[in-house]
Amino acid sequence: MKKYNSAVFYGDSITKGTYTKEGDSMPMRIANPAYCYIVAKKLDVKNYENFGINGVSYSNASKVMTDEAFCNRVGDCKTADAIFVAFGTNDYGTDVPIGKSGDNTTLTFFGAVDYCLKTLKARAPLSDIYVLLPLPRVDENKSNKSGFTLDDYRNAITEVGKKYGVTIMDGKKLPVNPSNENDKQNIIFDGTHFNDYGHKLIADLILEYIK
């Protein structure tokens with residue numbers, strides 16, 4: 001398995017480790033450890049940082065945490081030997097329009113992902129960039145107000161990722177079914193956020209790709 005001196009993790013509330021337990025009114029707990037820590041420890045990373053922020057998207061067309069959108073921060077974000085990026089579920093959840101391949105505006109999903117990955121590659125040409133596609137969520141097959149399912153966002157990230165030669169990690173392969181009552185109670189109570197055990201599964205999936 002690869003070894004890195006440094007690693008940074010960018011993502012939303014899932015990357016941060018936020019999750020909901022039965023009886024909570026909102027996601028208010030932090031997985032211990034979150035997947036970032038597990039991955040960094042397995043890779044023997046000397047210096048790692050988790051920059052996960054609740055509610056953040058790729059695109060600044062999102063109505064939630066617009067100023068913190070990754071497209072607004074990627075130009076001066078911290079880089080490292082390994083860069084992990086995990087956004088998209090909030091773009092779906094806040095109805096960001098998909099747009100089309102080749103868009104040069106961050107107000108569409110295609111355009112925002114393209115800008116983010118192009119910028120990262122230019123700023124850190126020698127770094128390994130790993131992009132995690134959105135993980136399972138209970139409503140992912142329902143079209144949002146813009147008319148897209150979560151798979152549409154996954155497919156857009158995959159297309160852009162191939163263009164820039166980053167490593168795409170298929171989050172859909174996580175062995176969790178949010179519609180299954182057992183998985184709901186033991187891994188993903190609110191249908192979106194993962195508890196401690198869920199974060200172990202996420203880390204295992206990421207490490208398989210790094211192998």
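**Helix contacts, a sheet and ring pairs**

Trainee: Which residues of helix 5 and helix 6 meet?

Mentor: On the helix 5 side they are Phe109, Phe110, Val113, Asp114, Leu117, Lys118 and Lys121, and they meet Tyr153, Ala156, Ile157, Glu159, Val160, Gly161, Lys163 and Tyr164 of helix 6. Bear in mind that this is a predicted model.

Trainee: What makes up that contact, by residue class?

Mentor: It divides into 9 nonpolar, 1 polar and 5 charged residues. Gly counts as polar by the rule used, and Gly161 of helix 6 is among the contact residues.

Trainee: How is the packing of helix 5 and helix 6 described?

Mentor: Two packed helices are described by the angle between their axes and the distance between those axes. Here helix 5 (residues 109-123) and helix 6 (residues 150-164) pack at about 30°, with the axes 9 Å apart. The crossing is right-handed.

Trainee: Now the rings. How many aromatic pairs are there?

Mentor: The count comes to 13.

Trainee: What makes Tyr58 and Phe109 an edge-to-face pair?

Mentor: Centres have to lie within 6.5 Å, and planes over 60 degrees apart count as edge-to-face. Tyr58 and Phe109 are at 5.7 Å centre to centre with 80° between the planes, so they qualify on both counts. Tyr58 sits in the loop between strand 4 and helix 3 (70-73) and Phe109 in helix 5, so the pair ties together parts 51 residues apart in sequence. Both Tyr58 and Phe109 are buried.

Trainee: What about Phe148 and Tyr153: why is that pair edge-to-face?

Mentor: Their ring centres are 6.3 Å apart and their planes are at 85°, so the pair is edge-to-face.

Trainee: Why is Phe148 called partly exposed?

Mentor: Buried means under 20% and exposed over 50%. Phe148 has a relative accessible area of 24%, so it is partly exposed. Tyr153 has 0%, so Tyr153 is buried.

Trainee: Which cluster do ring pairs build?

Mentor: They link Tyr10, Phe51, Tyr58, Phe70, Phe87, Tyr92, Phe109, Phe148 and Tyr153.

Notes:
Residues are numbered from 1 along each chain as its sequence is written. This is a predicted model: local features need pLDDT of at least 70, side-chain atom pairs count only at pLDDT 80 or more; totals for chains, interfaces and linings use all residues. Side-chain values use heavy atoms; hydrogens and water are left out. Axes are lines fitted to C-alpha atoms, for helices over the stretch in contact, and angles run from 0 to 180 degrees between N-to-C directions. Helices (H or I, at least four residues) and strands (E, at least two) are DSSP runs, numbered from the N terminus. A crossing is left-handed if the near helix is turned anticlockwise from the far one by less than a right angle, and right-handed if clockwise. Contact means heavy atoms within 4.5 Å. Rings of Phe, Tyr and Trp (its six-membered ring) pair if their centres lie within 6.5 Å; planes under 30 degrees apart count as stacked, over 60 as edge-to-face and the rest as tilted. Buried means under 20% relative accessible area, exposed over 50%, partly exposed in between (1.4 Å probe, protein chains only).
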